[in-house]
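Have a look at the sequence and the structure below. This report walks through the core, the strands and the confidence of the model.

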Amino acid sequence: VAPPSDTDPGRVQSPPQRRAGTLASPPLDTPITTEAAAEAPVLLEAKMRPAEVRVAQQALLIARVLMPSPVAGATLHDPRIRGADLLPLGEDWDRIERNGIGYQVYERRYALFPHMSGRLDIEPLVFEGWQQAPADDGYQPSQVRVSSAPLALDVMPAVTGGSGHQW
């Protein structure tokens, strides 16, 4: 996301999206009305897919940050999870509209591999940055800090009684 601008705080520029080979889309420059951008909060959504796995089976953790206006110094902190291995899979940019407000969306995906059966609790993810906020004399930087809801993953015991050979 492009850093906020004192002269145009309600504009977001998406980076070019690369696809197979050398094809790439041009950057997308999206205006956002100052009033709507100033009133809409930054959102952080997190989900697990599937909600139930077996020990050592992969689960997918997806974090999405929805930004109605540019955020400078943006950081999505990696989750801290005890009892599982966590591997980053990648990130992506998108643009959506919700309730008439355009959002720049940053998405990060992780593979999660639990070590033991039982309920695996995942602390809320945290996103931080700086955003331009309306002030009497124009705009001023305002700190943004949002958290997702906590997540849980049900982990069933590993399958027993197999031949011991991988397929």
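## Around L112

Leaving aside neighbours within four places in sequence, L112 is in contact with M48, Q57, Q58, A59, I81, A84, D85, L86, L120, I122 and L153. Contact means heavy atoms within 4.5 Å. This is a predicted model, where local features need pLDDT of at least 70, side-chain atom pairs count only at pLDDT 80 or more, and totals for chains, interfaces and linings use all residues. Residues are numbered from 1 along each chain as its sequence is written, and side-chain values use heavy atoms, with hydrogens and water left out.

## The cores

L112 also belongs to the largest nonpolar core, which has 25 residues. A nonpolar core is a set of buried Ala, Val, Leu, Ile, Met, Phe, Trp, Tyr and Cys residues joined through side-chain atoms within 4.5 Å. Buried means under 20% relative accessible area, exposed over 50%, and partly exposed in between (1.4 Å probe, protein chains only). The residues with the most contacts inside this core are V42, M48, V65, L112, F127 and L153.

Which strand gives the largest share of this core? It is β5, with five residues. Strands here are DSSP runs (E, at least two residues), numbered from the N terminus. Other strands that supply at least two residues each include β3 (43–49), β8 (101–114) and β12 (151–156).

## β5 and its partners

β5 (59–67) is mostly covered: eight of its nine residues are buried. β5 runs antiparallel to β3 and to β8. Two strands pair if DSSP finds at least two bridges between them.

|---|---|---|
| β3 and β5 | seven | E45 and R64 |
| β5 and β8 | nine | L61 and Y110 |
| β6 and β10 | four | V71 and Q131 |

## A three-strand sheet

β6, β10 and β11 form an open sheet in that order, with antiparallel pairing. The edge strands are β6 (71–76) and β11 (138–147), and each pairs on one side only. The twist averages 20 degrees from one strand to the next, with axes fitted as lines to C-alpha atoms and angles running from 0 to 180 degrees between N-to-C directions.

## Confidence

pLDDT is the predictor's confidence in each residue, from 0 to 100. Its mean for the protein is 83, and 72% of the residues reach 70 or more. Over residues 1–9 the pLDDT is below 50. Where pLDDT is low, the predicted coordinates should not be read in detail.
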